[in-house]
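Open the model in your viewer and keep the selection panel handy.

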Amino acid sequence: MTEVVAAARVHPSISAVLPAYNEEAVIAETVRRTAAALTELGVADFEILVIDDGSSDATAARASSVASQGMRVRGVSHPRNRGYGAALRTGFGAAARDAVFLMDSDGQFDPVEISRLLALYGPDRVVCGYRIRRRDTWARRFYHRAFFTLVRVGFGPTVRDVNCAFKLFPRAVGRGLHAEGALVSTELLVRARRSGYRLMDVGVHHYPRITGRATGADVRVVLRAFRELWQLRSDPAMLDGLEPPA
């Protein structure tokens, strides 16, 4: 009898992009947990990028302190707060590995659950987490529902939870984006779909924020998102430039 042994799955090299704004209380622990998760899952080649979006607290210093402990961490800081989309664009542009793992740094996700994304990942896929039970304020949930109703009307279906900050995708997918604010996830997904990438959903857990302050329901953030949505709808050429997957 011939025994057939399945080959172990080879993970891609990964750049973990962690956008951060005034997250001094949790950023060091988030970085350590992310490094531990990737190591335990057998990802041999990874880096962690902390993108400090002009924080007024010690976020950058706390991230640097973890890097000084020998972890594979790089910090990039904006001199002023530019917005969530700008932070992601900076991180995606700095990423040097084959795949990008996006996770917010506020402690509301468990980095161990990247295993769920890796199980579905391929060079032609964008794997997107959706929050099984969203632990946000009613205002954020309301704005989310209203905004993405407009997204579906304007651009068609994308994924179950567009703005869930727990995604894994080929590095090329994150290059060439334009949004400075929260529309960045919509732009990334619509452009990837148009270029032939498969969009895949997987459920992940979402935990209550225990420190810091969420900005997703801030009026200025919401208005910027609607303005960028209108700009993207008015200029479809913004969605061009991504080569189809090989």
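The stops below say what to select and what is there.

This is a predicted model, in which local features need pLDDT of at least 70, side-chain atom pairs count only at pLDDT 80 or more, and totals for chains, interfaces and linings use all residues. Residues are numbered from 1 along each chain as its sequence is written, and side-chain values use heavy atoms, with hydrogens and water left out.

**Stop 1: helix H2**

Select residues 59-67, helix H2. Helices are DSSP runs of H or I with at least four residues, strands runs of E with at least two, numbered from the N terminus. Color Thr59, Ala63 and Val66: these are the buried residues of H2. Buried means under 20% relative accessible area, with a 1.4 Å probe and protein chains only. They lie on the same side of H2, because their arc around the axis is only 55 degrees. The arc is taken from the directions from the helix axis to the C-beta atoms.

Now show what covers them: strands E1 (14-20), E2 (46-53) and E3 (73-78) and helix H1 (27-40) are included.

**Stop 2: H1 against H2**

Select Ile27, Ala28, Val31 and Arg32 in H1; they meet Thr59, Arg62, Ala63 and Val66 in H2. Contact means heavy atoms within 4.5 Å. The two axes, lines fitted to C-alpha atoms over the stretch in contact, come within 8 Å and cross at roughly 35 degrees.

**Stop 3: Asp106**

Go to the loop between strand E4 (99-103) and helix H4 (114-118) and pick Asp106. Is Asp106 buried or exposed? Asp106 counts as buried, because its relative accessibility is 9%. Its side chain reaches the backbone nitrogen of Gln108 at 3.1 Å. Show Glu23, Val26 and Arg209 too: Asp106 touches them, leaving aside residues up to four places away in sequence.

Technical notes: Buried means under 20% relative accessible area, exposed over 50%, partly exposed in between (1.4 Å probe, protein chains only). A polar contact is a pair of N or O atoms within 3.5 Å; within protein, one must be able to donate a hydrogen and the other to accept it, and residues adjacent in sequence count only if both atoms are side-chain atoms. Axes are lines fitted to C-alpha atoms, for helices over the stretch in contact, and angles run from 0 to 180 degrees between N-to-C directions.
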